[in-house]
Amino acid sequence: PKIILEGIFVFDAQFIDDELMRFPTKYRVQRNLGKGSFSMVSKAVDLETDTRVALKLARMPEKKHVFEEAETLAFLRGLFGFPEFYGIFVMENHIAIVMELLGPNLEEIFKASGKQFPPQRLPQLGLQMLQPLQDLHKYCTTHRDVKPA
């Protein structure tokens, strides 16, 4: 069941009964962070632990891709640039990955810097963006949807 109040979801979720997937069941979505062709990512709060998390929500037909992504996140645990994987659950006709909420994205950093980066900062940013892609490649995985933001 879910309740929708002015764009904020509060819901109970039934988790898949698997050792990797037993997690707290209540989240409050605070705001949407981004949307792609198959899913959307939202900033949320775990109401049982008051932990800030990211929820990636997709429709059930995308279940296979979501499970593959969750498996990849769990495998890459601890590597720079990848969020910590907390769990996965099914709610009605959706499936969601619960993961660590990372810091600001590049666009937010750019705006906070007055829309200008010092030249010496650019190589550092480039390396920080390329390191996770290099790690993915090292583990025989390809990211098929890299976006500028």
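**A predicted chain, from hairpin to helices**

Strands S4 and S5 form a hairpin with three residues between them. Helices (H or I, at least four residues) and strands (E, at least two) are DSSP runs, numbered from the N terminus. This is a predicted model, in which local features need pLDDT of at least 70 and side-chain atom pairs count only at pLDDT 80 or more, while totals for chains, interfaces and linings use all residues. Residues are numbered from 1 along each chain as its sequence is written, and side-chain values use heavy atoms, with hydrogens and water left out.

The protein chain holds three helices and eight strands. From the N terminus on, their order is β-β-β-β-β-β-α-β-β-α-α. The pLDDT, the predictor's confidence in each residue from 0 to 100, has a mean of 77 over the protein chain, and 80% of the residues reach 70 or more. Confidence is lowest in strand S1 (residues 2-5), with a mean of 34, and highest in S6, with 90. Over residues 1-24 the pLDDT stays under 50, and the model has 55 contacts for this stretch beyond four places in sequence; a contact means heavy atoms within 4.5 Å.

Two strands count as paired if DSSP finds at least two bridges between them. Tyrosine 27 has aspartate 46 in S5 as its bridge partner. These two residues are 19 apart in sequence, and their C-alpha atoms are 4.6 Å apart in space. Aspartate 46 is buried, with a relative accessible area of 5%. Here buried means under 20% relative accessible area, exposed over 50%, and partly exposed in between (1.4 Å probe, protein chains only). Of the 149 residues of the protein chain, 26% count as buried.

Helix H1 (residues 63-75) has 13 residues, which at 1.5 Å a residue should span 18 Å; the C-alpha atoms at its ends are 18 Å apart, in agreement. The expected span is 1.5 Å times one less than the number of residues. Val66, Ala70 and Leu73 are the buried residues of H1. Seen down the helix axis, they fall within an arc of 60°, so they line one face of H1. The arc is that of the directions from the helix axis to the C-beta atoms. An α-helix has 3.6 residues a turn, so residues three or four places apart point the same way. On the face of H1 turned away from the buried side are the exposed residues Lys64, Glu71 and Phe75.

What do the buried residues of H1 pack against? Their partners are strands S6 (51-59), S7 (85-91) and S8 (94-100). The largest nonpolar core has ten residues, among them Val66, Ala70 and Leu73 together with Ala54, Phe85 and Ile97. A nonpolar core is a set of buried Ala, Val, Leu, Ile, Met, Phe, Trp, Tyr and Cys residues joined through side-chain atoms within 4.5 Å. S6, H1, S7 and S8 each give two or more residues to this core. Leucine 73 touches Pro83, Phe85, Ile97 and Met99, leaving out residues up to four places away in sequence. A second, separate core of nine residues includes Tyr27, Phe89, Met91 and Val98.

Aspartate 135 is buried, with a relative accessible area of 5%. Apart from neighbours within four places in sequence, aspartate 135 is in contact with Leu79, Phe80 and Phe82.
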